[in-house]
Amino acid sequence: MIEGARWRRWVFFYVPVTAFVVALLFPFYWMVITTLRPDRELYRPWSAANYAPFWTANPTLEHIRALLTETLFSTWMLNTMLISLAATAISLFCGLLAGYALSRLKFPYAGLLGTAIFITYLVPQTLLFIPLADIIRNFKLGDSPWALILTYPTFLIPFCTWLLMGYFKSIPKELEECARIDGAPRWKAMVYIIFPVAIPGILSAGIFAFTLSWNEFIYALVFLSSPEQKTVPVGVTSELVRGDVFYWGELMAGALLGSIPVAFVYSFFVEYYVSGITGSVKG
Amino acid sequence: MARVAMRDLNKMYDEVHAVIDVNLEIRDQEFVVLVGPSGCGKTTTLRMVAGLESITGGQISIDEKVVNALPPMDRDIAMVFQNYALYPHMTVYDNMAFGLKMRKFDKAEIGRRVKEAADILGIQELLKRKPRQLSGGQRQRVALGRAIVRHPQVFLFDEPLSNLDAKLRVQMRVELKKLHERLGTTAIYVTHDQVEAMTLGDRVVVMRDGRVQQVGDPMELYNEPANRFVAGFIGSPAMNFASVRVAAENGTLWAESEDMRIKVPPRVAQRLARYTGKETTLGVRPEDLRIARDGDDRDLGFDVAIEVVERLGSEILLDVAAGATTMVASVEPTVTAKVHETTRLVINPERMHFFDNETEAAI
């Protein structure tokens, strides 16, 4: 907290925080207001006498109705949910085992391997989708959820591994040694002691992986083509922008509904999430 | 209950030789303390007994059975760690029951043993709590409880009292001693605190730089240190050392320096004779120095300047200087000594120690 005179608190705390909050929340507000605004207001020219971009007197749910009934939005939601959950599950499982091994087991080149895994995370997706497209075609997985369930882990596993590796390192190794003296073989010490203690780390890795797959765009755009296979980000942008016509109301309704699950997940686990990132176990 | 034997035990980490040729026989029901400054190899030795560190050379046997290749879970030992290592997500009960569950004890037996251990340690009312709800001393008890429920052959303690505050440490030290009396389990205890070592150990092993310096019961280490390191490490305040030259005159030996000239008692003279004309180190404990009175043997005294007076109540510590040599003397609380005064101290002739300057071994 800022100490001293009241004006100092205003200048150095309240004003910057308010500016920050407004800047961050404005896009969401814009999304909401555009969703609720009737078309005749949305497309009113800015020079019109009754132009009021930040407010509406006639809110409507028409865009949401159109989105849910006239597009495949609910199918896209289901697709996205299924793909994100499956990709997250696979990545967490692999990340857990890899992270544990890299942080706890002594084997040659462990450090090098850890760094190598991190480097793969740094390869941009915009490059990686080219060879991956070839692989997807060879395995005949194109235009199916598997195309994404199996390619998302290419960037999720390195991410989960790295995050969990850091978290495991913060857990005192005596816990595990004590479990092993107590009569647990290494895998039991891992499952009964280390994993439960690492739950904040595991949750934050899971939330992050889920969000990344939920919002992923490039792979979904390239590997899926039929409308009923698409995910929310791709479905909304490809089906609601026809030629140069933007269906702004439906687009924003799609963006709004699409962000609800992620917001839901975050708000539930936010405390775990923070302690997972800062990583600490108190004895 | 078991004997533990280490033969020619060695541990190498890449370039560092952490434990060098340790040979130790620990008898059944014995409480042995490994003590030394940090980095002396005591913890590494303990961890090798536990099976948490691989053994580079030599062998360890527990109850006549070589355990070099045995994983920790099969050695039938229990260990208490410095940071307690309580499982933070389990209750106290589950913490204590974990080892028994892993060994597939039935529920009733687990309940009985946990209760028994909780009674011994006075933590019955804490069983439902999580470790984070406990104070340091309570955590320490739970860690002990987790070790004793298993009825292991050997207890291993790795500086278990170091994280407690000074008062609690003294209290837990006494309880540990009582616990050992009661259970009689063979125990190996590692500490850097020589007071803990002296008070707890049936026998104490002093280590330095990976090597065992001396093994013996506490009073033996105190009264007959094998070398200068043990002499300086055991005892508080530490033993005083002064560099002296051995001189022979009319059949008696003298320990001389610029500021003192002490007659060597006949008991030591025989062994010291071959050092005649050479430099050695004289060692005197603070309590073996006292203020000279009339009628004291003049040949055992020397003049000093008092630099600091520390009044501890039961005794007074005088920090004194004899020329360039500084010493500490522990004298009766009735002594009226003042800073900057000069006074004369006498040495108890029965308790003079001499050390070889090259090998540091006791003469």
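This is a predicted model: local features need pLDDT of at least 70, side-chain atom pairs count only at pLDDT 80 or more; totals for chains, interfaces and linings use all residues.
**Where the chains meet**

Let's start with the contact between chain B and chain A. Chain B brings 25 residues to the contact, and chain A brings 21 residues. Together the two chains bury about 2000 Å², with 64% of that area on carbon and sulfur atoms. Three residues of chain B deserve a look in your viewer: B:Met73, B:Tyr87 and B:Met102 supply 26% of the area that chain B buries against chain A, more than any other three residues.

A:Glu177 and B:Arg47 form a salt bridge, and their closest N and O atoms are 2.7 Å apart. Counting polar contacts across the interface of chain B and chain A gives 9 residue pairs, with both residues at pLDDT 80 or more.

Which parts of chain B face chain A? Helix H1 (42–50), strand S6 (77–80), helix H2 (92–102) and helix H4 (136–148) of chain B each give at least two residues to the side that touches chain A. By residue type, that side of chain B divides into 15 nonpolar, 3 polar and 7 charged residues.

**Aromatic pairs**

Over all chains, the structure holds 27 aromatic pairs. Here are two of them, both from chain A.

| Pair | Centre to centre | Angle between planes | Arrangement |
|---|---|---|---|
| A:Tyr152 and A:Phe155 | 5.8 Å | 55° | tilted |
| A:Tyr219 and A:Phe223 | 5.5 Å | 40° | tilted |

The planes of A:Tyr152 and A:Phe155 stand at 55°, so this pair is tilted. Both A:Tyr152 and A:Phe155 are buried. A:Tyr219 and A:Phe223 are likewise both buried. These two residues, A:Tyr219 and A:Phe223, sit in helix H12 of chain A, 4 residues apart, which is about one turn of the helix.

Elsewhere in the list of ring pairs, you can pick out a cluster: A:Phe118, A:Tyr121, A:Phe159, A:Trp162 and A:Phe208 are linked by ring pairs.

**A serine in a loop**

Helix H12 (218–223) also leads us to the last stop, A:Ser226, which is found in the loop between that helix and helix H13 (232–239) of chain A. Is A:Ser226 buried or exposed? Its relative accessible area is 17%, and the cut-off for buried is under 20%, so A:Ser226 counts as buried. The side chain of A:Ser226 has a polar partner too: it makes a polar contact with the side chain of A:Asp143, at 2.4 Å.

Methods. Residues are numbered from 1 along each chain as its sequence is written. Chains are lettered from A and ligands numbered from 1 in the order in which they are written. Side-chain values use heavy atoms; hydrogens and water are left out. Buried means under 20% relative accessible area, exposed over 50%, partly exposed in between (1.4 Å probe, protein chains only). A polar contact is a pair of N or O atoms within 3.5 Å; within protein, one must be able to donate a hydrogen and the other to accept it, and residues adjacent in sequence count only if both atoms are side-chain atoms. Contact means heavy atoms within 4.5 Å. Buried area is the accessible area (1.4 Å probe) that two parts lose on being put together, summed over both. A salt bridge is a side-chain nitrogen of Lys or Arg within 4 Å of a carboxyl oxygen of Asp or Glu. Ala, Val, Leu, Ile, Met, Phe, Trp, Tyr, Cys and Pro count as nonpolar, Asp, Glu, Lys and Arg as charged, and the others, Gly among them, as polar. Rings of Phe, Tyr and Trp (its six-membered ring) pair if their centres lie within 6.5 Å; planes under 30 degrees apart count as stacked, over 60 as edge-to-face and the rest as tilted.
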